[in-house]
Amino acid sequence: MELPFAESYRIKMVEPIRRSTRAERERWIKEANYNLFNLKSEYVFVDLLTDSGTGAMSDRQWSAMMLGDESYAGASSFHKFRDAVREITGFEHVLPTHQGRAAENVLFSVLVKAGDIVPGNSHFDTTKGHIEFRKARAVDCTIDEAFDTTVIHPFKGNVDLDKLEKVLKENGPRVPFIIITITCNSSGGQPVSIGNMKAVRQLADKYGKKIVMDSARFAENAYFIKLREDGYQDKTIREIVLEMFSCADAITMSAKKDAIVNIGGFVAMREKELYFNSSVFEVIYEGFLTYGGLAGRDLNAIALGLYEGTEFDYLETRIKQVEYLGNMLLAHGIPIQQPIGGHAIFLDAKRFLPQVKKEEFVAQTLAVHLYIEAGVRGVEIGTLLADRDPVTRENRYPELELMRLAIPRRVYTNNHMELVAVALKNIWDRRNTIRSGFRIVREAPIMRHFTVELEKI
Ligand code: F0G
């Protein structure tokens, strides 16, 4: 008999989580105004709100935390961190930051100005936010296949080269750089192929543009390249990572994802000039160049996390767990973004609850039902998140109305995944009884999803 697949780690420390009753959950979610961000975490049994900063550090990372050098300048922790970033990414110049959006803030303060246009593949919200905040515009050039959850494509995060060239042709001088997000979170944790990265590089060179990679989940992207792209099966994850980054001029990183730490990030780049210019903003926004908003112990943990996060066995364990959940849902006929992505399952809420009106927040409705069913917390990636149009103040209805279940790294077991799948199956079986969703009682002018208050219709 073939041996079954098993995790490439064992558990040394546990954190109890609390079960609750349906009646308790109904009360708690009502008290939270049907906003899952408003729930106390102890009211959640399986928390799939995000895979960001929620991973379990290893015994080696925790022991490295004890060795943190907390010197203000020139700490040994910084040198360990910088050596790791250099070795894994191939970039010479490195600035630590407190998280990914801070890396965006530092780099974009140098590169983005009012009136600019930044093309890319489904920019993440904070990336878009840091572009729009500077009165510039993010233009989505993701391939069309990404927006149909039923289309199977090995690299649904790819940039559409025709769309990109059109933007470069029409807006030449106003484009400071092209951004490639690996993996592409917004389209479902979908990877970008090396072939696509190289083609984008050619276009960037033709038009004299830089490439920035938003690399929060770069190791997961490399794993998919190894599995799916011709010629990469025999390469190591680290070789693939170096080849991917050889196509970029700079990267921003949220270490809370693929470096498996609870907080941290960095900017890394090739050019000394860009490094000097970014250093000014680093000091203003983050702190001195050798700590950048982090404690020495955090830098030590990131350094090790970069090595652990790029080990094939670890990545296989992680991504197979996401697939395990996704395959159970597919077996029940539940509509999800396919192929299954790296860090999360994205449920297609419009196909799950077609009878709920789009004005009533379909993905949020599904997320609330899942919480009440089993204490599982997902997150809406749909109309609430899309905010209102800044000019007309009308709701923006995105092409995809998704509920994301993001799987924290090394945290839950496959039994938890089974519980999530059964909870969703129960809702799927009674989906016709869910006729209506929610209306907004109070909302913030931007980023409303964090604080919005809802009531049942
Ligand atoms: N880029 C991508 C692709 C991300 O997914 C995130 C964060 C960031 C940048 C910003 O990094 O949170 O460290 O400031 N994504 C989290 C999520 C919040 O839940 O997907 P950060």
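Strand 7 and strand 8 (residues 265-269) run antiparallel and are joined by five bridges. Strands here are DSSP runs of type E with at least two residues, helices are H or I runs of at least four residues, and both are numbered from the N terminus. Two strands count as paired if DSSP finds at least two bridges between them. In this pair, threonine 252 stands opposite valine 267 of strand 8.

Before going further, a word on what you're looking at: this is a predicted model, where local features need pLDDT of at least 70, side-chain atom pairs count only at pLDDT 80 or more, and totals for chains, interfaces and linings use all residues. Residues are numbered from 1 along each chain as its sequence is written, and side-chain values use heavy atoms, with hydrogens and water left out.

Back to strand 7, which has another partner. Strand 6 (residues 210-214) pairs with strand 7 in the parallel sense, over three bridges. There, valine 212 stands opposite alanine 250 of strand 7.

How enclosed is strand 7 (residues 250-254)? Five of its five residues are buried, so the strand is largely enclosed by the rest of the structure. Buried means under 20% relative accessible area, exposed means over 50%, and partly exposed is in between (1.4 Å probe, protein chains only). In a regular strand, side chains alternate between the two faces of the sheet. In strand 7, Ala250, Thr252 and Ser254 point one way while Ile251 and Met253 point the other way, and all are buried.

Now for the ligand. It is surrounded by 16 residues, and the closest are Thr50, Arg101, Asp214, Ser254 and Lys257. A residue is near a molecule if one of its heavy atoms lies within 4 Å of it. By type, the shell holds one nonpolar, eight polar and seven charged residues.

| Residue | Protein atom | Distance to a ligand oxygen atom |
|---|---|---|
| Glutamine 99 | polar side-chain atom | 2.8 Å |
| Glycine 100 | backbone N or O atom | 2.8 Å |
| Arginine 217 | polar side-chain atom | 2.9 Å |

Taken alone, the ligand exposes 470 Å², and the protein buries 93% of that. Such areas come from the Shrake-Rupley method with a 1.4 Å probe.

Leucine 95 sits in strand 2 (residues 93-97) and is buried, at 0% relative accessibility. Leaving out residues up to four places away in sequence, leucine 95 touches several others, including Phe266, Val267 and Met269; contact means heavy atoms within 4.5 Å.

Glutamate 308 lies in helix 11 (residues 296-308). Is glutamate 308 buried or exposed? At 2% relative accessibility, glutamate 308 counts as buried. Its side chain makes a polar contact with the side chain of arginine 410, at 2.9 Å.

Finally, alanine 136 is found in the loop between helix 5 (125-132) and strand 4 (137-140). Alanine 136 is buried, with a relative accessible area of 9%. Its C-alpha atom is separated by 9.3 Å from that of arginine 174, 38 residues apart along the chain.

Note on methods: A polar contact is a pair of N or O atoms within 3.5 Å; within protein, one must be able to donate a hydrogen and the other to accept it, and residues adjacent in sequence count only if both atoms are side-chain atoms. Ala, Val, Leu, Ile, Met, Phe, Trp, Tyr, Cys and Pro count as nonpolar, Asp, Glu, Lys and Arg as charged, and the others, Gly among them, as polar.
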